[in-house]
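Please read the numbered points with the model in view.

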Amino acid sequence: MIRKLFSLFAAIAVALTACASDKPLENHVFHVSDLGNKKVGVQIGNTADIYASDFGGDTAKIQVERYTKLADAIQALLQGKIDAVLSDDQPAKAFVAQNPSLRILDEVFVEETYAGVVAKGKETLLDSVNAALRKLKSEGIYDSLFNTYINRTGNFHYSQKVKDGPKLVLSTNAQFPPYEYHMGEGIVGFDIEICNYIADYLGRTLEIQDIEFDAIINAVSSGKADIGFSGFTVTEERKLSINFTDPYADSKIVVVVRGDAAAVSAESIGDHFYKNFVKDSRWKYIVQGLGNTLLISLFAALFGIVVGFFIAVIRANNEMNGSFKILNALGKAYVAIVRGTPMMVQLLIIYYIVFSSVNINKILVAVIAFGINSGAYVSEIIRGGIKGVDPGQIEAGRSLGLRFRTILFSIVYPQAAKNSLPALTNEFISLIKETSICGYIGLTDLTRAGDIIRSTTYEAMLPLLAVAAIYFILVAGLSACVARLERRLKKNER
């Protein structure tokens, strides 16, 4: 069955590839002045978003399309969903090198400078980082790194020398070549090697957090990271919430458009498969992400069942005999709050606020967050299963002189568990899919693994289809196992 599923997805991929490369798309942007009233893609949190929103006034205003990742904006441009992408020049060059059907306008949109970020109140660390940057430049290491990554005329790399010391936690978004990007099993780039030097200067070991770009400043401000380097442009608005280091690089915002005569890719589906999964062992991201997804889902489900059962028992007892009034009120409030707020917001609150000053494993944070969320839904499922048991059975138990607790654990709860099983299965399936937001706290789950591959190969189709296929196999396998369990449980009813 699994072989048939993969064959089906491969056939879909071939068909989509053929459709995608059937006809070159026309370009409508030749100068910056042509951007008025056009759909233009930007990355959320990037200063290009601000510039694009202010462009053209009321008569030639840009229709800004915001994306979490630049790779997604580039994919939308290739598919004709938007007319142009505003991007920092170096990442733009990397995108164009991988996609010959794109080009960069000669006219620059905006010039800017990059700096790192340090939290307010950590001026001592800020001074030390600035001192390290000055020494980096005075020793000529900066120029060597610049020639390697920016000018591409050198081959110098700086490896960290301090191997044992307190951690210097760096938050970055490793989808911004050549400043930070995935290569093999690690994260490399111009910013990364600068931070290696800074860590050596401070006598600390560098630990890298790869999170979404728009979450980096929050991570640094909340103390989850010590510094943030990811091509941050200094703006007055950002200065209100974060401290900037001395500028370390000049940059510019450029306009990426489709070429006048778009090149059609001659790569076969095998070539695409090799580039996305085999080259540099990129399949390992999928394996790592799958492992984290299963680990988080399993323990969050167990946590949710324990919490949900406890809440359900309290509420069911209150409905039956009016006991546990205070606990019942707290349980109702818990269920209302969890069910009334998005899972992503809950995850971010738990990571950045509840555990703001605690250095805790991110997988444990995810288990707690998803477990708390699942517990609210599980409690209602189990409570519904308890209410589904015929009240006459409770009365029969009482007439036989059984204690109420014995009636619950020997008669009601076993039947409630069987009644709740299908709904609990659906909840676990939803939990598996909900873990796809773990990337917002820097965890590599299955979905983020696909995102990492997309950001490296600049292709969306195969990574997304692979992730979708794995999720489908997980869900289908789980549903089949539970269906078999249900059939076994029903045997005693015959």
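This is a predicted model: local features need pLDDT of at least 70, side-chain atom pairs count only at pLDDT 80 or more; totals for chains, interfaces and linings use all residues.

**Notes on the model**

1. Valine 42 has a relative accessible area of 0% and is therefore buried, since buried means under 20%. Valine 42 belongs to strand β1, which covers residues 39-43. Between valine 42 and lysine 69 there are 8.4 Å in space, C-alpha to C-alpha, although the two residues stand 27 apart in sequence.

2. The protein chain contains 18 helices and 13 strands. Its C-alpha atoms fill a box of roughly 90 × 60 × 50 Å, taken along the principal axes. Of the 494 residues of the protein chain, 50% count as buried.

3. The UniProt record, an unreviewed entry, lists residues 290-483 as "domain: ABC transmembrane type-1". In the model, this span is 82% helix and 0% strand.

4. Serine 297 is part of helix α11. Is serine 297 buried or exposed? With a relative accessible area of 1%, serine 297 falls under the 20% limit and so counts as buried. Its side chain reaches the backbone oxygen of threonine 293 at a distance of 2.7 Å.

5. Serine 281, a residue other than glycine, has a positive phi near 55 degrees. Serine 281 sits in the loop between α10 (269-278) and α11 (283-321). Phenylalanine 324 likewise has a positive phi near 55 degrees and is not a glycine. Phenylalanine 324 lies in the loop between α11 and α12 (325-339).

6. Phenylalanine 324 has a relative accessibility of 43%.

7. Which residues are joined by a cis peptide bond? The bond links proline 177 and proline 178, with omega about 5 degrees. Proline 178 is placed in the loop between β7 (175-176) and β8 (180-183).

8. The structure holds one cavity of 30 Å³ or more. The space in the largest cavity is about 30 Å³. Pro177 is one of the residues that line the largest cavity, together with Leu70, Ala71, Phe95, Gln175, Ser455 and Tyr458. By type, the lining of the largest cavity consists of five nonpolar residues, two polar residues and no charged residues.

9. The structure holds zero disulfides. Cysteine 195 has 0% relative accessibility and so counts as buried. Cysteine 438 also counts as buried, because its relative accessibility is 0%.

Note on methods:
Residues are numbered from 1 along each chain as its sequence is written. Side-chain values use heavy atoms; hydrogens and water are left out. A disulfide is a pair of cysteine sulfur atoms within 2.5 Å. Buried means under 20% relative accessible area, exposed over 50%, partly exposed in between (1.4 Å probe, protein chains only). UniProt positions are given in the numbering used here, feature names are shortened, and annotations may be inferred rather than shown by experiment. Helices (H or I, at least four residues) and strands (E, at least two) are DSSP runs, numbered from the N terminus. On a 1 Å grid over the protein atoms alone, a cavity is a set of points where a 1.4 Å probe fits but cannot get out, and a pocket is an open set with protein on both sides within 12 Å along at least five of seven lines; lining residues have an atom within 4 Å of a point. Grid points are joined across faces, edges and corners, and a volume is the space filled by probe spheres set on the points. Ala, Val, Leu, Ile, Met, Phe, Trp, Tyr, Cys and Pro count as nonpolar, Asp, Glu, Lys and Arg as charged, and the others, Gly among them, as polar. A polar contact is a pair of N or O atoms within 3.5 Å; within protein, one must be able to donate a hydrogen and the other to accept it, and residues adjacent in sequence count only if both atoms are side-chain atoms.
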